[in-house]
Amino acid sequence: MSNSPRVCVQVQSIYIESQSAPDDERYVFAYTITIRNLGRIPVQLLKRYWLITNGNGRATEVQGEGVVGVQPHIEPGGEYQYTSGAVIETPLGTMQGHYEMIDAQGETFRIAIPVFRLAVPTLIH
């Protein structure tokens, strides 16, 4: 299995106060994702899947082709970074998911995106 693609995913999320409306149960978050290809062969991101859970435990699934309208190719040693957003009904929530990818040899594989928090800063003690 040493030939399996090595892809690393890093996430940073921030609360967008200017677009949020707590009185209307609307909390807007932006997240920036960096996908690094640590392997020796090029890879391409084909699909994304997200499970977004609000503070009440209500889960929403989001899936689709690519990310932000593209299916990026990532060369060995290279990275791809993008920013997207999520809207939830509570000041605290989580996101997790996976990317479906394909390598230069046509093998598809899945990269898990570990759970990360969506949190309004005032709630963090």
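Predicted model: local features only at pLDDT ≥ 70, side-chain atom pairs only at ≥ 80, totals over all residues.
How exposed is Glu 100 in terms of relative accessibility? Glu 100 counts as partly exposed, at 29%; buried means under 20% relative accessible area, exposed over 50%, and partly exposed in between, with a 1.4 Å probe and protein chains only. The views below start from this residue and then move on to other parts of the model.

Residues are numbered from 1 along each chain as its sequence is written, and side-chain values use heavy atoms, with hydrogens and water left out.

**View 1. Glu 100 and Arg 110 form a salt bridge.** The closest N and O atoms of this pair are 3.1 Å apart; a salt bridge here is a side-chain nitrogen of Lys or Arg within 4 Å of a carboxyl oxygen of Asp or Glu. Strands, like helices, are DSSP runs numbered from the N terminus (E, at least two residues, for strands; H or I, at least four, for helices). Arg 110 is exposed, with a relative accessible area of 55%.

**View 2. β7 and β8 run antiparallel and are joined by ten bridges.** Two strands count as paired if DSSP finds at least two bridges between them. Across this pairing, Ile 102 stands opposite Thr 108 in β8. Four residues lie between the strands of the hairpin, where Gly 106 takes a positive phi near 85°.

**View 3. Arg 36 and Glu 79 join their side chains in a salt bridge.** The N to O distance is 3.0 Å. Here the pair links distant parts of the chain, 43 residues apart: Arg 36 sits in strand β2 (residues 27-37) and Glu 79 in strand β6 (residues 79-88). Arg 36 is partly exposed, with a relative accessible area of 27%, and Glu 79 is also partly exposed, at 46%.

**View 4. Three strands make an open sheet in the order β1-β2-β6.** The pairing is antiparallel. β1 and β6 are the edge strands, each pairing on one side only. Neighbouring strands of this sheet are turned by 20° against each other on average, direction ignored; axes are lines fitted to C-alpha atoms (for helices over the stretch in contact), and angles run from 0 to 180 degrees between N-to-C directions. Ten bridges join β2 to β6, and Ile 33 stands opposite Tyr 82 in β6.

**View 5. Arg 58 and Glu 89 meet through their side chains in a salt bridge.** This one has an N to O distance of 2.6 Å. Arg 58 is in the loop between β3 (43-54) and β4 (59-65), and Glu 89 is in the loop between β6 and β7 (92-103), so the pair ties together parts that are 31 residues apart in sequence. Arg 58 is partly exposed, with a relative accessible area of 46%, and Glu 89 is partly exposed at 27%.

**View 6. Glu 25 is in contact with Ile 88 and Glu 89, leaving aside its neighbours within four places in sequence.** Contact means heavy atoms within 4.5 Å. Glu 25 is found in the loop between β1 (7-15) and β2, and counts as exposed at 53% relative accessibility. The C-alpha atoms of Glu 25 and Glu 89 are separated by 4.6 Å, although the two residues are 64 residues apart along the chain.
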